[in-house]
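Please read these notes with the model open beside you. Each point can be checked on its own.

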Amino acid sequence: MAVRIEVGNEDLTMSRFALSPLWELTHALRLLAKPPDESVLRPWLARARDRYRALAREADLAVIVALCPPGWGADFLTPVPVGVTTTIEDLLDQVRSTPAEQAHHEVSLALARQPAVDPRVRRVLTGDGVAGYVADVLAVAWHALLEPEWRTLQAILERDVVYRAGQLTSRGWAAALGDLHPELSWEQGRILLAKMTGDADAALGGRGLLFVPSVFIWPKLALGLDPPWPPALIYPARGVAALWERPGTASARGTGSVLDRLLGPSRAAILIALEEPASTTQLVAALGQSLGGIGDHLAVLREAGLISRARCGRSVLYRRTPVGDALAAAQA
């Protein structure tokens with residue numbers, strides 16, 4: 001079974017990238033409520049377990065769980081993100097402003113997809129002001145669960161966007177989709193998704209595709225072609241391992257490695273981390289080093305010809321030079 005999506009010339013110019021902190025939060029809550037047996041995220045799930053248990057005592061998470069039956073989720077829980085700068089506050093405001101008719105319709109769909117719901121939870125979901133109540137629960141969950149680590153998660157997602165956008169604009173769809181997911185491929189002007197339920201053809205029709213990288217969707221991906229979202233692909237971001245093992249730690253490279261002794265542990269960590277372009281802020285979040293320290297080390301690495309820098313929008317991104325790539329490859 002497969003889904004084939006026709007892509008026209010105008011779809012490239014209409015395609016864009018976005019980040020959804022709220023999508024990350026709701027999916028993290030799903031995983032913590034029912035942890036998978038095998039997951040690359042297992043170390044993060046173990047680390048977040050105590051925070052989740054404390055959160056469950058403080059917030060009405062049963063309401064969120066009831067809106068996310070297996071394989072489905074109420075649309076008003078995850079409004080469409082505008083772009084890569086969309087904040088959790090932006091999205092929660094959209095949840096609060098959901099029209100009552102829409103919220104009640106989606107609640108009824110969610111309740112119909114599960115055998116039984118606690119009567120108290122049902123009263124909350126079918127009562128007035130459900131959208132505001134849900135937004136308040138999500139806000140508490142955000143502050144307790146993801147906000148403490150959001151800088152690291154955001155750095156992972158932003159670096160993925162820089163990489164994918166560069167591939168899409170400079171080399172086209174085949175390059176952008178080539179290593180995005182094993183079940184995804186490019187075939188003669190069409191996006192092909194294997195192992196999907198059903199066998200169908202669709203077309204972007206000039207609407208483009210919204211690419212949304214995610215930390216918590218691994219190892220799956222999600223394709224949406226129906227409103228209220230535009231055509232969207234939510235896929236695993238590169239570098240998910242940074243969730244539990246920072247590149248700057250000894251365990252990531254081996255204590256006393258040759259690269260450590262040559263450059264020093266901090267500079268070696270930066271060089272390894274620049275497998276994809278990154279800004280100073282992203283490196284600070286990923287490596288846990290100070291802003292001043294990162295800046296000093298970047299200057300030294302540039303003078304040595306191991307990295308270069310270029311402006312991308314409002315950010316300055318650093319990347320390895322061929323000499324830096326060779327040095328990192330020799331270490332690997």
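1. Gln188 sits in the loop between strand S3 (184-186) and S4; helices (H or I, at least four residues) and strands (E, at least two) are DSSP runs, numbered from the N terminus. Its phi is near 50 degrees, a positive value in a residue other than glycine. Most residues other than glycine have a negative phi, and most peptide bonds are trans. Gln188 has 76% relative accessibility, so it counts as exposed. The classes are buried (under 20% relative accessible area), exposed (over 50%) and partly exposed in between, with a 1.4 Å probe and protein chains only.

2. On provenance: this is a predicted model, where local features need pLDDT of at least 70, side-chain atom pairs count only at pLDDT 80 or more, and totals for chains, interfaces and linings use all residues. Residues are numbered from 1 along each chain as its sequence is written, and side-chain values use heavy atoms, with hydrogens and water left out.

3. Check the cis peptide bonds. The bond from Trp218 to Pro219 is cis, with omega near 5 degrees. Pro219 lies in the loop between strand S6 (210-214) and strand S7 (222-224). The bond from Pro227 to Pro228 is also cis, with omega near 10 degrees. Pro228 belongs to the loop between S7 and strand S8 (232-236).

4. Arg4 stands opposite Leu192 in S4, and its bridge partner in S5 is Asp201. Of the 5 residues of S1 (residues 2-6), 4 are buried, so the strand is largely enclosed by the rest of the structure.

5. Now the packing. The largest nonpolar core has 73 residues, of which Leu29, Val134 and Phe211 touch the most other members. Helix H8 (residues 130-146) gives the most to this core, with 10 residues. A second, separate core has 18 residues, including Ala273, Leu283, Val284 and Leu287. A nonpolar core here is a set of buried Ala, Val, Leu, Ile, Met, Phe, Trp, Tyr and Cys residues joined through side-chain atoms within 4.5 Å.

6. What does Phe211 touch? Not counting residues up to four places away in sequence, the contacts of Phe211 are Ser15, Arg16, Phe17, Ala18, Leu168, Trp173, Leu177, Leu180, Leu233 and Tyr235. Contact means heavy atoms within 4.5 Å.

Terms used:
Pairing = 2+ DSSP bridges.
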